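The points below are meant to be read beside the sequence and the model.

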Amino acid sequence: MALFVYLVLFLALTRHSSALYCLCKDGVGDQALQKAIDYACGAGADCSPILQNGACYQPNTVKDHCNYAVNSYYQRKGNAQGTCDFAGAATTSANPPAASSGCVYPSSPSNAGTTPTGSPPGTTPGTPTIVGISPTSTTGLSGNGANLGGTNSELLLLFVLTMWLAIRV
């Protein structure tokens, strides 16, 4: 019986990360993806890695740049519910997108960096380089950014099993 408890404990401790990423959906048009980029970059995302010569500039596609921008925005907003929708253009995923070497997608608010205060070269300080209109959610807040399963449920299960075994012994 003790072996079973140790096995459950081992599995709970070695479980993969419960990180969530915000990614642009497949099948969404480039215009909608560009609106998502514009809003995310104008509202606090760190978009410097997707600028030319940035670590995440390649592959140079609207979809890949959208993935980075909306994920940066989502992480900087603390994975808050409703911050990964972009008028239906994005959704959360447990898996990061495939990225070019050197490109690292933030996986939590703690490694998303701080809001940049400087301006890119060639721009007027304090002036946003990309301006967009806030996308209106077509799906509301339900189901976006919430991670109700995962670690908490597993810890609860581990606790219940441990208590059950302790009572039986």
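**Notes on the predicted model**

At 49% relative accessibility, F159 counts as partly exposed, because the partly exposed class runs between under 20% for buried and over 50% for exposed. The structure is a predicted model, and the numbered points below should be read with that in mind.

1. The surface around F159. The residue F159 belongs to helix α4, which covers residues 151-168. Together with V160 and M163, F159 forms a nonpolar patch on the surface. The accessible area of F159, V160 and M163 together is about 280 Å².

2. The overall plan. The protein chain contains 4 helices and 2 strands. Read from the N terminus on, the order of its elements is α-β-α-α-β-α. Of the 169 residues in the protein chain, 31% are buried. The chain exposes about 10200 Å², and carbon and sulfur atoms supply 60% of that area. Among contacts between residues at least 6 apart in sequence, 80% join residues at least 24 apart.

3. The pairing of α2 and α3. Helix α2 spans residues 30-42 and helix α3 spans residues 62-76; the two pack at an angle of about 35°. Their axes are 9 Å apart, and the crossing is left-handed. From α2, the residues that take part in the contact are D30, L33, Q34, A36, I37, Y39, A40 and C41. Their partners in α3 are V62, K63, H65, C66, A69, V70 and Y73.

4. A40 within this pairing. Residue A40 lies in helix α2 and is buried, with a relative accessible area of 0%. Leaving aside residues up to four places away in sequence, A40 touches A45, A69, V70, Y73 and F86.

5. Salt bridges. How many salt bridges does a search of the whole structure find? The search finds 2. In one of them, K63 pairs with D26, and the closest N and O atoms are 2.7 Å apart. K63 lies in helix α3 and D26 in the loop between β1 (21-24) and α2, so this pair ties together parts that are 37 residues apart in sequence. As for accessibility, K63 is partly exposed, with a relative accessible area of 25%, whereas D26 is exposed at 68%.

6. The bridge between D46 and R76. Here D46 forms a salt bridge with R76, with the closest N and O atoms 3.9 Å apart. D46 is in the loop between α2 and α3 while R76 is in helix α3, so the pair ties together parts that are 30 residues apart in sequence. The distance of 3.9 Å counts as a salt bridge because the cut-off is within 4 Å.

7. A cis peptide bond. The peptide bond from Q58 to P59 is cis, with omega near -5°. P59 lies in the loop between α2 and α3. A reader may wish to locate this bond in the displayed model.

8. Positive phi angles. Which loop holds N79? N79 is found in the loop between α3 and β2 (90-93). Its phi is near 60°, a positive value in a residue other than glycine. N79 is buried, with a relative accessible area of 19%; it falls in that class because buried means under 20%. F86 also has its place in the loop between α3 and β2. Phi of F86 is near 50°, again a positive value in a residue other than glycine. F86 counts as buried at 7% relative accessibility, and F86 is among the residues that A40 touches.

9. The surroundings of S93. The place of S93 is in strand β2. Not counting residues up to four places away in sequence, S93 touches A19, L20, Y21 and L23. Between S93 and C22 the C-alpha to C-alpha distance is 6.2 Å, and these two residues are 71 residues apart in sequence.

Terms used: Residues are numbered from 1 along each chain as its sequence is written. This is a predicted model: local features need pLDDT of at least 70, side-chain atom pairs count only at pLDDT 80 or more; totals for chains, interfaces and linings use all residues. Side-chain values use heavy atoms; hydrogens and water are left out. Patches are made of residues with over 30% relative accessible area and no salt bridge: like charges are joined within 9 Å, nonpolar side chains (Val, Leu, Ile, Met, Phe, Trp, Tyr) within 5 Å. Accessible areas come from the Shrake-Rupley method with a 1.4 Å probe; for residues, only the protein chains shown count as cover. A salt bridge is a side-chain nitrogen of Lys or Arg within 4 Å of a carboxyl oxygen of Asp or Glu. Buried means under 20% relative accessible area, exposed over 50%, partly exposed in between (1.4 Å probe, protein chains only). Axes are lines fitted to C-alpha atoms, for helices over the stretch in contact, and angles run from 0 to 180 degrees between N-to-C directions. A crossing is left-handed if the near helix is turned anticlockwise from the far one by less than a right angle, and right-handed if clockwise. Contact means heavy atoms within 4.5 Å.
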